[in-house]
Amino acid sequence: MCYRFTLEPAGAAALNSGLEGQGVKPAALAGGKVLIHPLAVRITHWVNAIAMLIMIASGWRIYNAAPFFSFTIPPQLTLGGWLGGALQWHFAGLWLLVINGVIYLSYGLASRHIAANFFPLTLAAIWRDLRSALRGRIAHEVGVYNALQRMAYLGVICAVIALVFSGAALWKPVQLQELAALIGGYEGVRRVHFVAMALVVAFVIVHLVMVVLVPRTLISMFSGYGRKTQLSRDTHHG
Ligand code: HEM
């Protein structure tokens, strides 16, 4: 399938009408560079990527010590060398992940970054963008997340929160036994933790494929700036 991300007039018109439905006004030709990703988002995004890598690779090594599926993870993909080492990496990465995540969410809520960039999100918009994506024609406008991105980003944030809570229940099974019982007992919690990890890994694979397909988004995620073509949104993008 050939993905085309540039906006053709017809695509732009369709996107315009779709964006209107999402509370985003068609725009305003904005030729110059505009701030797309505020510094706080960029820093927390890259710290999160490093923390996630540590958590996943060390988590796989911990899983290998007592696998509950019929497979283990190839040791070359794991971190820590042995169970004790992997646990140390996992706890070190945990603090990075949690503190960074709290900063991102606090900033995102207080500055309305989350409200402005991930909402509104409707089933109709998801369905529309899914059909466009399947036809290989989804528009990817720098600075405006389409409905599939909004859903994926909100979904991965929820998956990471589920990872942290199920991880806490695994770490302190006695002190947090009510939480563990709520999630399905110790073995149930292990599976929830694993499934949430698998969702994050699936997200990251798709996320990286999209970055390869639309490499200019990567530059903006470092510099913060992008060039808006044809469309811009009138909602706050801070
Ligand atoms: C090396 C790995 C990664 C790369 C190269 C990468 C790249 C990017 C890029 C380029 C964007 C901007 C997309 C756009 O403007 O359309 C972005 C946004 C985002 N990425 Fe990643 N990413 C990586 C890892 C991750 C991980 C591990 C997660 C979460 C588990 C994640 C979650 C997000 C989220 C939630 C956003 C939206 C940020 C916001 O606007 O608040 N990314 N990423």
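## Around the ligand

Let's start with a term: Ala, Val, Leu, Ile, Met, Phe, Trp, Tyr, Cys and Pro count as nonpolar, Asp, Glu, Lys and Arg as charged, and the others, Gly among them, as polar. With that in hand, the shell around the ligand in this predicted model has 12 nonpolar and 6 polar residues, and no charged ones.

Which residues come nearest to the ligand? Of the 18 residues around it, these are A49, M52, Y153, T217 and M221. Four helices each supply at least two residues of the shell: α2 (39-65), α6 (147-171), α8 (185-213) and α9 (216-223).

## Helix α3

Now take a look at helix α3, which has 28 residues (83-110). At 1.5 Å a residue, α3 should span 40 Å, and this agrees with its end C-alpha atoms, which are 39 Å apart.

Several residues of α3 are buried: A86, W89, H90, G93, L97, Y104 and G108. Among the elements covering these buried residues are α2 and α4 (113-118). Here is a handy rule: an α-helix has 3.6 residues a turn, so residues three or four places apart point the same way. Just after α3, R112 has a positive phi of about 65°.

## Where α5 meets α6

How do the axes of α5 (residues 123-134) and α6 cross? They come within 8 Å and cross at roughly 110°. Angles of 65 to 115 degrees count as roughly perpendicular, so that is how α5 and α6 lie to each other.

On the α5 side, the contact is made by A125, I126, R128, D129, L130 and A133, which meet A147, L148 and M151 of α6. The residues of this contact divide into 7 nonpolar, 2 charged and no polar.

Notes: Residues are numbered from 1 along each chain as its sequence is written. This is a predicted model: local features need pLDDT of at least 70, side-chain atom pairs count only at pLDDT 80 or more; totals for chains, interfaces and linings use all residues. A residue is near a molecule or strand if its C-beta atom, placed from the backbone, lies within 6 Å of it. The expected span of a helix is 1.5 Å times one less than its number of residues. A residue is buried if 20 or more other C-beta atoms lie within 10 Å of its own, exposed if 12 or fewer, and partly exposed in between; C-beta atoms are placed from the backbone. Two residues are in contact if their C-beta atoms, placed from the backbone, lie within 7 Å. Axes are lines fitted to C-alpha atoms, for helices over the stretch in contact, and angles run from 0 to 180 degrees between N-to-C directions. Angles under 35 degrees count as roughly parallel, over 145 as roughly antiparallel, 65 to 115 as roughly perpendicular and the rest as oblique.
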